[in-house]
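I opened this entry to record, in order, what I looked up in the structure. I began with the question of how to read a fold pattern along a chain.

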Amino acid sequence: MPDGMPVVTSRSTTRAPGTLVAADAGSEAVIEIERLPARVDGASGAEGQSPTKAKMGALFWVCLAWVALMVLLAIGASVLPLKSPTFQDYSAVNVGPTLHHLLGTDDLGRDLLSRIIYGSRVSLVIGFGSIALAMLTGGTLGLFAGYRGGPAGTVLNAGSFVILAFPPLLAIMVIEAFWGRSLFKLTLMFAIVAAPQLFRVIRATTLATANREYVIAARAFGSKTGRIMLRELLPNVLPAAISFALIGVAVAIIVEGSLAFLGLSITLPTASLGNIINEGVQNNNLQINFYIALWPSIYIFMILSSLNLMADRLRSRFEAREVKL
Amino acid sequence: MARYISMRLIQLVVIIFLISVLAFLLVHLLPGDPTIAILGPNDTPSARAELLRQLGLNRALPLQYWTWISHVIRGNLGSSFLTKQPVTNAIAVAFPIDLELIVVSQLMAFVIAIPLALIASRRPNRLFDRLATTSTFGMLSLPTFVIAVLLVLVFAVKIHAFPATGFTRISQGFGSNLRSVLLPSIALAVGSVAVYYRLLRADLISTLQEDFVTMARAKGLSTPYILLRHALRPSSFSLLAGAGISIGSLFTGAFVVEVLFQLPGIGYQLVTAINSRDYLMVQGMALVAAIAYVIINFIIDFLLTVLDPRVRHA
């Protein structure tokens, strides 16, 4: 979803009974949408299988492998036999895909394959880095607020609503205009925007789990709060959290791409997927050599659909387990 | 009900206050002397002193906020240091363009998504449903900026069906105005189609399993009649909620589309202002856009509460 991309949002406190709470945190409406069909499919159960038998399916592993491959390429970019992403070869300007340049070159004679792999570093660092940070902070606080609650929980909850009230892309754009930009600052801002959303999902899931018999039993045995949170609650909250975090990564990649496309992500000589597409649109490049814009678009589509699909599978599996409980 | 609404109103006021504080503090994120950063190094000392007085930068922080907010409430957001145009003017000129983009794209999205969902939910898991469901899943993985670029490539560059850039105001002709916003609106609509289709399909499928639908079938009513007259209305709540929620993402999605197609809406103006370091313009637009976003969300929440008895009594 596009900004639908699309990140995004103040959540309403009101919700129809049938709607799952994770939607509350929805940066994107995407999250909301995908929950529902999964449930309906499970309910119709045309396959006649018990819902607990839900398997990840081969597609999940293909997607995981693809994302892992992209991450490895981004990490190993400087070790791999790639051409320099900034070297301008004026004898090979705008060449199509050849053996020498697998994806061709751009209007300045730079190798597109290497620009995309180097450019993906920015998207992946911001995407995975900010969500990991948000998981650590927002997730931990969510677990705490869901289990212990109390005045601190109320304050945290109100705080999350305040941050969610800001339109994320707008907030990031404007703050970096005044504060300056760097990979670190961008990752930090993305994490701040994402943390309250993860906080809300994890808090809601924890609330739903906190009164299960095994938690009460653990409490009766005299287990400490920390132990209950780590050993009883965390394993049950994690599947929902990871599934939601994957969508968070996808949304962060979209927002970073939009910023870069607007020329407002990392500063220029550094390639990033969004600014390669932007360069592909400038100076009549769409007419002369549309590959410049096409390849990074395909890269983004592949990585986003992999992430969305993995999240979808994880969620239906997690929900199947809920049914069993 | 009255209590709920007044609680929400208090929340709204608190959030708007916080937004104004944050917008006010933005100027303090600037490195160095803010008057130099805002006016540039070549302006006269008197202009600098004037700005200093207007921003109240030489006083204590709460007093500064008070000075600033009392200007803002009287509609004075300062003026662009480049064009000297008052920020409020610039916003008034730009905002209708965002509005038009959002309205046109949402109309398109509804016109496409609702029939698709009706046809698909008639026979779930059959060919049509699978095709539509899979392709909308794919559409969710296409950010607006990718869709917009692909649309320009196909419709403007390859087959010259639409102008690639530029905007014609309604006052200069309705037809050419519509032509100039058509491609940008399609780019925005694609994501919404996917969202709305999936929401409505899921609700329709569960509504069609209700007893009253079985009853209608038993009475011998035709399937199209049942879908339209019996099933659509009780199934449209998530759709409306989804439409409300996605306004925020549309608003920022519109930024990207405006820059690509060079439509002078809020997003285009904001990006131009950021690139030319026109800080007061950025601050004013951010303030107005964020407040508009919060108020729109509030109104939608309110409407959903009024429309749906389940939420009202929850």
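To read such a pattern I first needed the terms: helices are DSSP runs of H or I with at least four residues, strands are runs of E with at least two, and both are numbered from the N terminus. I also noted that this is a predicted model.

**Chain B, overall.** Of the 314 residues of chain B, 41% count as buried. For contacts in chain B with a separation of 6 or more, I noted that 68% are accounted for by residues 24 or more positions apart.

**Helix H9 of chain B.** How many of the eight residues of helix H9 (residues 211-218) of chain B are buried? The count is zero, and I wrote this helix down as hardly covered. Just after H9(B), I came to Gly220(B), which takes a positive phi of about 85 degrees.

**The largest nonpolar core.** This core has 167 residues, and those touching the most other members are Leu198(A), Ala148(B), Tyr196(B), Val282(B) and Met285(B). Helix H8 (residues 225-261) of chain A gives the most to this core, with 19 residues.

**Confidence in chain A.** I found an average pLDDT of 75 for chain A, with 79% of the residues scoring at least 70. Within chain A, confidence is highest in helix H2 (residues 58-75), at a mean of 90, and lowest in helix H1 (residues 29-44), at 38. Over residues 1-53 of chain A, pLDDT stays under 50, although the model has 160 contacts beyond four places in sequence for them. Where pLDDT is low, the predicted coordinates should not be read in detail.

Definitions and conventions
Residues are numbered from 1 along each chain as its sequence is written. Chains are lettered from A and ligands numbered from 1 in the order in which they are written. This is a predicted model: local features need pLDDT of at least 70, side-chain atom pairs count only at pLDDT 80 or more; totals for chains, interfaces and linings use all residues. A residue is buried if 20 or more other C-beta atoms lie within 10 Å of its own, exposed if 12 or fewer, and partly exposed in between; C-beta atoms are placed from the backbone. Two residues are in contact if their C-beta atoms, placed from the backbone, lie within 7 Å. A nonpolar core is a set of buried Ala, Val, Leu, Ile, Met, Phe, Trp, Tyr and Cys residues joined through C-beta atoms within 7 Å. pLDDT is the predictor's confidence in each residue, from 0 to 100.
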